[in-house]
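Could you walk me through this structure in plain words? I am new to it and would like a friendly tour.

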Amino acid sequence: MKTHEISRNEWPGFFDSFTRRYEGWLADVEIFGAEIGSQIEEHELPLEGITAELGNGSPDRIEIMLGAEPDDHITHTITAPLLVSVEKTDEGADGALAIKAPDGTTTLLRFRAVMLPEMVDSIA
């Protein structure tokens, strides 16, 4: 897999596009850190969206929203993110999204199935 860093000024547009491509795909959110190791925060919930708010006087913020139902909906917030990168397969599919935080943790979003969005059959 190849890793591609997304520059800060591209975050809002990147996440809008990413959400449109992958909305509804089942995803895991995993947190990595030196002190906590690897922790699965959510497992196989549908991606509802990812947003980036670039702060004007306040810290930047990225929110990952999973789960379509009220009792399984979560929002994971990364405050003052330092780095956003995406791992791509040799075929060009997005394999994982990584967001590094100032506290040394990395939030990783992975899909249950890794494939190009155009290879998925439409339900409509």
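This is a predicted model: local features need pLDDT of at least 70, side-chain atom pairs count only at pLDDT 80 or more; totals for chains, interfaces and linings use all residues.

Residues are numbered from 1 along each chain as its sequence is written, and side-chain values use heavy atoms, with hydrogens and water left out.

**Salt bridges**

Let us begin with the charged pairs. The structure holds six salt bridges, a salt bridge being a side-chain nitrogen of Lys or Arg within 4 Å of a carboxyl oxygen of Asp or Glu.

| Salt bridge | N to O distance |
|---|---|
| R8 and D60 | 2.6 Å |
| R61 and E63 | 3.0 Å |
| K88 and D94 | 2.6 Å |

The bridge between R8 and D60 links distant parts of the chain, 52 residues apart. R8 sits in the loop between β1 (2-6) and α1, and D60 in the loop between β3 (37-53) and β4 (61-66). Helices (H or I, at least four residues) and strands (E, at least two) are DSSP runs, numbered from the N terminus.

How covered are these partners? R8 is partly exposed, with a relative accessible area of 39%, whereas D60 is buried at 10%. Here buried means under 20% relative accessible area, exposed means over 50%, and partly exposed lies in between (1.4 Å probe, protein chains only). In the second pair, R61 is partly exposed because its relative accessible area is 33%, while E63 has 15% and is therefore buried.

Salt bridges that share partners join R21, K88 and D94 into one network.

**A patch of negative charge**

On the surface, E23, E48, E69 and D71 gather in a patch of negative charge. A patch is made of residues with over 30% relative accessible area and no salt bridge, with like charges joined within 9 Å and nonpolar side chains (Val, Leu, Ile, Met, Phe, Trp, Tyr) within 5 Å. Accessible areas come from the Shrake-Rupley method with a 1.4 Å probe, and for residues only the protein chains shown count as cover. Asp and Glu count as negative and Lys and Arg as positive, while His and the chain ends are not counted. The place of a charge is taken as NZ of Lys, CZ of Arg, CG of Asp or CD of Glu.

E23 counts as partly exposed because its relative accessibility is 48%.

**Buried residues and what they touch**

Now for some residues under cover.

Is L47 buried or exposed? L47, found in strand β3, is buried, with a relative accessible area of 0%. Its contacts are F18, Y22, E23, G24, W25, I64, M65, L66 and F111, so E23 of the negative patch is one of the residues that L47 touches. The C-alpha atoms of L47 and G13, 34 residues apart along the chain, are separated by 17 Å.

T19 lies in helix α1 and counts as buried because its relative accessibility is 13%. T19 is in contact with E48, G49 and I50, and E48 is again a member of the negative patch.

S85 belongs to strand β6 (residues 83-88), and at 11% relative accessibility S85 counts as buried. It is in contact with T3, H4, E5, I6, A96, L97 and A98.

T107 lies in strand β8 (residues 106-111) and is buried too, at 5% relative accessibility. T107 touches V29, E30, I31, I64, H76, I78, L97, A98 and I99. Of these, H76 is 31 residues from T107 in sequence and 9.1 Å away in space, C-alpha to C-alpha.

Which residue has a positive phi although it is not a glycine? That is A80, with a phi of about 60°. A80 is found in the loop between β5 (74-79) and β6, and A80 is partly exposed, with a relative accessible area of 27%.

Key: Contact means heavy atoms within 4.5 Å. Lists of a residue's contacts leave out its neighbours within four places in sequence.
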